[in-house]
Amino acid sequence: MTEFYDALETRSPEAREAAHMAALPAQVAHAQQHAPAFAQILAGVDARAITSRAALAQLPVTRKSELHARQQAARAAGGDAFGGFATVGWGAELSHVFASPGPIYEPEGRQRDYWRMARALHAAGFRAGELIHNCFSYHFVPAGSMMETAAHALGCSVFPGGTGQTEQQVQAMADLRPAGYAGTPSFLKIILEKAAELGVQLPSLRKALVSAEAFPPSLRDWLAERGVHGLQCYGTADLGLIAYETSAREGLVLDEGVIVEIVRPGTGDPVPEGEVGELVVTTLNPVHPLIRFATGDLSAVLSGACPTGRTNTRIRGWMGRADQTTKVRGMFVHPEQVADVARRFPQVLKARLVVSGQTGNDLMTLQVETRETAAGLAEQLAACLREVTKLRGEVQMLAPGSLANDGKVIEDARDYR
């Protein structure tokens, strides 16, 4: 039994980067030629020149809100349900269509392991010839299909448990004796608690791949005390697998089929390694070729290689949401506005807007890290802040490294009591 799903996991970082950068121009060109939305978003871009991360970072970021808006507009006009982001339509090349809240519609192509989840299942210990009890939803959203198609690619059989019906889930596990579980960690806890309540033993259930919600160490240890070794993965309905946990339990290893950047929230600018920022993903999927797609999730790169021998970059996992838009004195203030102010002053290394005070008495303070000591910078920043946000605020000058590495661009520190 091999530790690795395939040889891609142990290739040198240099070989991986070279392969990704070699594939990138063709993927950009493919998106421009076959996905009408990207023909507009990337208009004027020479795909042949996108051969490095620096070149990739110059392309616009596409957000889920734009995906939703373009889909909605296209449907209203009687056009493409996918808003021009997919390269195929109904028929032989499309297996399923799913809907996430919004609604946002996602295509599922007919490629083997379309969502690339088999790698995560393998890392969680699943092997060919086993039965997986799949409790991800089969209704509307793609989560159930993500795990089912991955299990089939791995050579496993699947019981499509879906969600709810806890007693029936326990009965099916007792009868069929699956090797493991796929689903949310909280539902697995509910199932095991129900089994204990019913006095039903589930001796075959020894591993789990969980996702879609937080998996804190306390719940991981609770499962382990009951004989279930649980690992997690991180993915989205738009992109499929992004990263997965290994037996080392030291961060999440990036999937081999995506190019991941971590950028400062509100911008498309990559942050230094180790700094918390928003995950932006470019997928090499030909059916849904998302280029620089912002997940809205915060994370950071972990230095060093995974102790298991996998050589791809590791991230710290989900660390919160990047959209920190807040309302101040009745007006919305966006991370993009804070980034705009900071961008106008090369002396500013990092900026954070802190909103404090009590309800009805909001106070704004722009905290900036800078080495600048000359008089006048604070006043210029305050004037710019007012110009951009239409709100008055104070400016606090800080030494480099003073702001916490937590990805926050706007901090809501108001007292709501």
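**Entry 1: K390**

I began with K390, which counts as exposed at 58% relative accessibility (exposed means over 50% relative accessible area, buried under 20%, partly exposed in between, with a 1.4 Å probe and protein chains only). I found K390 in the loop between α11 (377-389) and β20 (394-398); helices (H or I, at least four residues) and strands (E, at least two) are DSSP runs, numbered from the N terminus. K390 has a positive phi of about 65 degrees, although it is not a glycine.

A note to myself on the source: this is a predicted model, in which local features need pLDDT of at least 70 and side-chain atom pairs count only at pLDDT 80 or more, while totals for chains, interfaces and linings use all residues. Residues are numbered from 1 along each chain as its sequence is written, and side-chain values use heavy atoms, with hydrogens and water left out.

I then looked up D113, which is not a glycine either but has a positive phi of about 50 degrees. D113 sits in the loop between β3 and α5 (118-123). Is D113 buried or exposed? With a relative accessible area of 12%, D113 is buried.

I also noted a cis peptide bond between G102 and P103, with omega at about -5 degrees. P103 belongs to the loop between β2 and β3 (104-109).

**Entry 2: the annotated domain**

UniProt, in an unreviewed entry, places "domain: AMP-dependent synthetase/ligase" at residues 128-282. I kept in mind that UniProt positions are given in the numbering used here, that feature names are shortened, and that annotations may be inferred rather than shown by experiment. Over residues 128-282 I read 30% helix and 29% strand, with the end C-alpha atoms 30 Å apart.

**Entry 3: parallel strands**

I followed β4 (residues 131-134) to β5 (residues 157-160): the two run parallel and are joined by four bridges (two strands pair if DSSP finds at least two bridges between them). L131 has S157 in β5 as its bridge partner. With helix α6 (residues 143-154), β4 and β5 make a right-handed β-α-β unit; right-handed means that, with the strands pointing away from the viewer, the path from the first strand over the helix to the second runs clockwise.

Next I took β6 (residues 180-183), which runs parallel to β7 and is joined to β7 by four bridges. Which residue of β7 is the bridge partner of Y181? I found A208 there. Y181, in strand β6, is buried with a relative accessible area of 0%. The C-alpha atoms of Y181 and G230 are separated by 8.9 Å, though the residues are 49 apart along the chain.

On the other pairing of β7, four bridges join this strand to β8 (residues 229-236), again parallel. Here L209 stands opposite L231.

I recalled that in a regular strand the side chains alternate between the two faces of the sheet. For β7 (residues 207-210), both faces are covered: K207 and L209 on one side, and A208 and V210 on the other, are all buried.

**Entry 4: rings**

How many aromatic pairs does the structure hold? I have four down. Rings of Phe, Tyr and Trp (its six-membered ring) pair if their centres lie within 6.5 Å; planes under 30 degrees apart count as stacked, over 60 as edge-to-face and the rest as tilted. The ring centres of F38 and F85 are 5.4 Å apart and the planes are at 85 degrees, so I logged this pair as edge-to-face. F38 lies in helix α2 (residues 36-41) and F85 in the loop between α4 (64-76) and β2 (94-100), so the pair ties together parts that are 47 residues apart in sequence. Both F38 and F85 are buried. Ring pairs also link F98, Y114 and W115 into a cluster.

**Entry 5: E261**

E261 is buried, at a relative accessible area of 6%. Its side chain makes a polar contact of 2.9 Å with the side chain of R292; a polar contact is a pair of N or O atoms within 3.5 Å, and within protein one must be able to donate a hydrogen and the other to accept it, while residues adjacent in sequence count only if both atoms are side-chain atoms.
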